[in-house]
Amino acid sequence: MESIKKIADVLKNNDFFYILTHIYPDGDTLGSAYALCQALQQLGKHAKVLTDVNCPSKFDFLKNNIKEENFNPKFIISVDIAEKSLIPSNLKKFENSINLCIDHHIKNSIDADISYTDHTAAANCEIIYYILKEMGVKIDGNIASCLYAGISTDTGCFKYSNTTSKSHFIVSELLKRDFPVSKINEDLFIKKSKKKIETEKILNKNLEFSFDGKCAITHITTDEMKSINIGENELDGIASLPISIENVNIGITMREKSSGEYKISVRTSSKINANEFCENFGGGGHSRAAGFSSFDDIFKIKEKIKNILTLKFGW
Ligand SMILES: [Mn+2]
């Protein structure tokens, strides 16, 4: 395993960086990328963040202090990307030329010259914080906003079990800088668009319980998304709905993609390891939040899920 110091040295000794973020961009991948980009620019280097074409506008504030520039890359970094399939299609051309991978997922299969992974970090932004400190970067309010967005996103605003004293320590350091923390919390965790409420109506309508209410499964099809005019990229956060129900130990949300493939998000209570569960379907993630993909239809996927629950837990 590489050290934070080694990663900081590699960053200081290179230039002309492209920073790649994952598909369905969230606060952690974007916060990591924009914090790192600002840090590199602060050191007089050239850096650029590359995202999926569909990037939710609520994250626009993360680029407040980014200098937009055009150049050819000499060093490519991936942040918070666990595997190649999570690289957005517009960035696939870089998938075999990643120089540095920084990630916090349990399983990381990105093929990079150098990898720094730490699955004990609640958010990738926690790792970025320590790298920036090691690089001697001044963490100003704009960088603090980005790191806060990442840590708060991946910990469910400090509610999930992955939250550690380290998460709180880093945030307590960030809060010494001037940035609009309550505004960020409101925009990321409280406000919902009308479309989001329409989506929740559909998810509630499609909700099905099994095994005495221990398992809750719901889905949304592309036709249903069209009916409320919501895009695939606007569905972040929907995976937390089934697991929020009392007595549910495994909450599953299936969303159809335009390719016809289903993206299945799994959230679990402490009784079930979501990463291990998803490995049965060729997926993975974290202990309480993981996922997989399938080209089967909804009924087939549900049947397979129930079979695994019976097999593994005697339900
Ligand atoms: Mn993350």
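Predicted model: local features only at pLDDT ≥ 70, side-chain atom pairs only at ≥ 80, totals over all residues.
1. **Ground rules.** Residue numbers start from 1 along each chain as its sequence is written.

2. **The manganese site.** Asp28 (OD), Asp80 (OD), His104 (NE2) and Asp154 (OD) coordinate the manganese ion at 2.2 to 2.4 Å. Donors here are N, O and S atoms within 2.8 Å of the metal (3.2 Å for Na, K and Ca); water is not among the atoms, so the site may look incomplete. Along the sequence, the donor residues follow the spacing D-x51-D-x23-H-x49-D. Asp28 in helix α2 (residues 27-42) and Asp80 in the loop between β3 (75-79) and β4 (100-103) are 52 residues apart, and the pair links distant parts of the chain. Helices (H or I, at least four residues) and strands (E, at least two) are DSSP runs, numbered from the N terminus.

3. **Burial at the site.** Asp28 counts as buried because its relative accessibility is 0%, and Asp80 counts as buried at 2%. The cut-offs are under 20% relative accessible area for buried, over 50% for exposed, and partly exposed in between (1.4 Å probe, protein chains only).

4. **Gln41 in helix α2.** Gln41 also belongs to helix α2 and is buried, at 7% relative accessibility. Its side chain reaches the backbone oxygen of Lys67 at 2.8 Å. Leaving aside residues up to four places away in sequence, Gln41 touches Ala47, Asn65, Ile66, Lys67 and Glu69, where contact means heavy atoms within 4.5 Å.

5. **Helix α3.** How far apart are the end C-alpha atoms of helix α3 (residues 124-135)? They are 17 Å apart, in agreement with the 16 Å that twelve residues should span at 1.5 Å a residue; the expected span is 1.5 Å times one less than the number of residues. Nine of the twelve residues of α3 are buried, so the helix is largely enclosed by the rest of the structure. Among them are Cys125, Ile128, Tyr129 and Leu132. Just after α3, Gly136 has a positive phi of about 75 degrees.

6. **Two backbone angles to look at.** Most residues other than glycine have a negative phi. Phe16 has a positive phi near 60 degrees; this residue lies in the loop between α1 (4-12) and β1 (17-20) and is partly exposed, at 24% relative accessible area. Cys157 has a positive phi of about 55 degrees and sits in the loop between α4 (141-154) and α5 (165-174). Cys157 is partly exposed, with a relative accessible area of 24%.

Technical notes:
Heavy atoms only, no water. Polar contact = N/O pair within 3.5 Å; in protein donor to acceptor, adjacent residues only side chain to side chain.
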